[in-house]
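Biologist: Can you walk me through this one? I have some questions once it is on screen.

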Amino acid sequence: MTLLDMLPSIGHAAPRRFDPAIWPVTTRSDDEGRLCVGDVALSDIADEFGTPTYVLDECDFRHRARRYRRALRDVEVVYAGKSLLTTAVARWARDGGLGIDVCSPAELAIALAGGVDPARIILHGNAKSPGELRDAVAVGVGRIVLDSAMEIAYLAGLARRRQRVLIRVTPDIDIHGHRAVTTGISDQKFGFTLAADKAAHKAAHNAADNAADAVKRVLAHPILDLIGLHCHIGSQVSDPALYGEAIHRMIAAMADIRRRHGVILTELNIGGGHAVPYVRGDAELHPEELARVLEDALDDACAAEQFPRPAVVVEPGRAISARAGVTLYRVHSVKERPGGRTFVAVDGGMSDNPRVALYGAQYTVALANRHSLGVKKVVTVAGRHCEAGDEIARDIKLPADIHPGDLLAVACTGAYHHSMASNYNMVGRPPLVAVKDGRIRELVRRETVADLLARDCG
């Protein structure tokens, strides 16, 4: 029995070094005080692969995929590849019984290279080209989500056999969440509006933007097999009741389609956007809570509309990959401004993590190469790029004795980091390595200057 077991109040006074809600499931510290993930010291990874480096805990990814499958037993779980996708990640998702949704030709190619059955792939995107649609049809993707009138026309002309499709609609739900991104309202670029206003009804050029018109267009093409509707209400959604509200609106729309056209849609895809915590105290959407809300909402909505229960699909991405990821940075300098902030400058920044600049994202940062027991001070972890707003984390507490050469680890970076990385200042994108049971495996190598010059045709 430890002292914390005997005096649990101590745990509140001295919180755990690594919050299990934020860090990968295998996170621990070794006898030297070094941060370890997957039974590998992160300082060893930094020594071998350099910094910045993305580290991915394979056990964490697989654990969260299994958790979704257990919690949502009667729901099809499809992994949102845009959050993080490599051939290895595609295999992990496939092994966990998950399909994959893709948004580009390269994402489609990676999913296929990872051994994913094309029938388990869903193609998304709000501006799909004829070439992209042609490639998707050629390989036999299971479902294509239509996002505009032009896509309907393109696909109808390209398909050579019956192609299963869904229509993406906006249920007009504004999530208003903390650091959330709203995509379920009408005034944004995705999908068709569920109910156009009176002015839109009168304007012919707006008619093609509502779901009722889209349904008529799709049904007019026998080669397109309309099986259901799709919606996505936003990202970082922590209240499961919002998905219940979306289900009520979507089932009502499906019932309206039955009344108008005599067609019963059999699939309802409610997207993803499930919230994960980035810093202590952040809200999280638990799949078990989501499962209960979905079940009750489906029962109520289908009973109210006397509509047969459709198959339900969810598309978690961040909720599966985010907490599996940790990014490593080396401290290059520490600057203390008189009367101002202390800046800890590292060798990465907005080229490997644009989310701080884009969304004001917040992160949990830890000293990874040692465990300092001294006092802490408030610092801003700044990036290397030529932008004043290039920051990793603002006003966080790190050991006061932090110095050049120290290694920092940033938690919860498995989603929208590798996939959104750029070459700003012509900096190569970091490698992505997986850890499991004491073993390190490079999934994507570091981008070199030679790689960048190879694309320069001048």
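**Notes on the model**

Modeller: One thing to begin with: this is a predicted model. Asp437 is partly exposed, with a relative accessible area of 46%.

Biologist: Where is Asp437 found?

Modeller: In the loop between strand 22 (432-436) and strand 23 (439-444). The phi of Asp437 is positive, about 50°, although Asp437 is not a glycine.

Biologist: Which residue that follows helix 13 has a positive phi?

Modeller: Gln306 follows helix 13, with a phi near 50°. Gln306 is not a glycine either. Its place is the loop between helix 13 and strand 15.

Biologist: Is Gln306 buried or exposed?

Modeller: Gln306 counts as exposed, because its relative accessibility is 68% and the cut-off for exposed is over 50%.

Biologist: Stay with helix 13. How many residues does it have, and how far does it reach?

Modeller: Helix 13 covers residues 287-305, which is 19 residues. From first C-alpha to last it reaches 26 Å, close to the 27 Å expected at 1.5 Å a residue.

Biologist: Which residues of helix 13 are buried?

Modeller: Pro287, Leu290, Ala291, Leu294, Ala297, Leu298, Ala301 and Cys302. Seen down the axis of helix 13, these buried residues fall within an arc of 140°, so they line one face of the helix.

Biologist: Why do residues three or four places apart point the same way in an α-helix?

Modeller: Because an α-helix has 3.6 residues a turn.

Biologist: What covers the buried residues of helix 13?

Modeller: The cover includes helix 4 (58-71), helix 12 (241-261) and strand 15 (311-314). On the face turned away from the buried side, helix 13 carries the exposed residues Arg292, Ala303 and Ala304.

Biologist: What is Ile144 in contact with, leaving aside neighbours within four places in sequence?

Modeller: Ile144 contacts Leu123, Lys128, Leu133, Ala136, Val137, Leu155, Gln163, Arg164, Val165 and Leu166.

Biologist: On to annotations. Which residue does the UniProt "active site" annotation cover?

Modeller: According to the UniProt record, an unreviewed entry, the "active site" annotation covers Cys386. Cys386 is found in the loop between strand 19 (376-382) and strand 20 (391-399).

Biologist: Is Cys386 buried or exposed, and what does it touch?

Modeller: Cys386 is exposed, with a relative accessible area of 60%. Not counting residues up to four places away in sequence, Cys386 touches Tyr424 and Asn425.

Biologist: Switching to His124. Where does it lie?

Modeller: His124 lies in the loop between strand 7 (121-123) and helix 7 (130-139). His124 is buried, because its relative accessible area is 7% and the cut-off for buried is under 20%.

Biologist: What does His124 touch, not counting residues up to four places away in sequence?

Modeller: His124 touches Asp101, Val102, Cys103, Val145, His230 and Glu315. As for Ser104, it is 20 residues from His124 in sequence, and the two are 7.9 Å apart in space, C-alpha to C-alpha.

Biologist: Which residues does a cis peptide bond join?

Modeller: Thr51 and Pro52, with omega about -5°. Pro52 is in the loop between helix 3 (42-49) and strand 4 (53-57).

Biologist: Last one: which residues of helix 5 are buried?

Modeller: Helix 5 (residues 87-95) has Ala88, Val89, Ala90, Trp92 and Ala93 buried. Just after helix 5, Gly97 takes a positive phi of about 80°.

Key. Residues are numbered from 1 along each chain as its sequence is written. This is a predicted model: local features need pLDDT of at least 70, side-chain atom pairs count only at pLDDT 80 or more; totals for chains, interfaces and linings use all residues. Side-chain values use heavy atoms; hydrogens and water are left out. UniProt positions are given in the numbering used here, feature names are shortened, and annotations may be inferred rather than shown by experiment. Helices (H or I, at least four residues) and strands (E, at least two) are DSSP runs, numbered from the N terminus. Buried means under 20% relative accessible area, exposed over 50%, partly exposed in between (1.4 Å probe, protein chains only). Contact means heavy atoms within 4.5 Å. The expected span of a helix is 1.5 Å times one less than its number of residues. The arc is that of the directions from the helix axis to the C-beta atoms.
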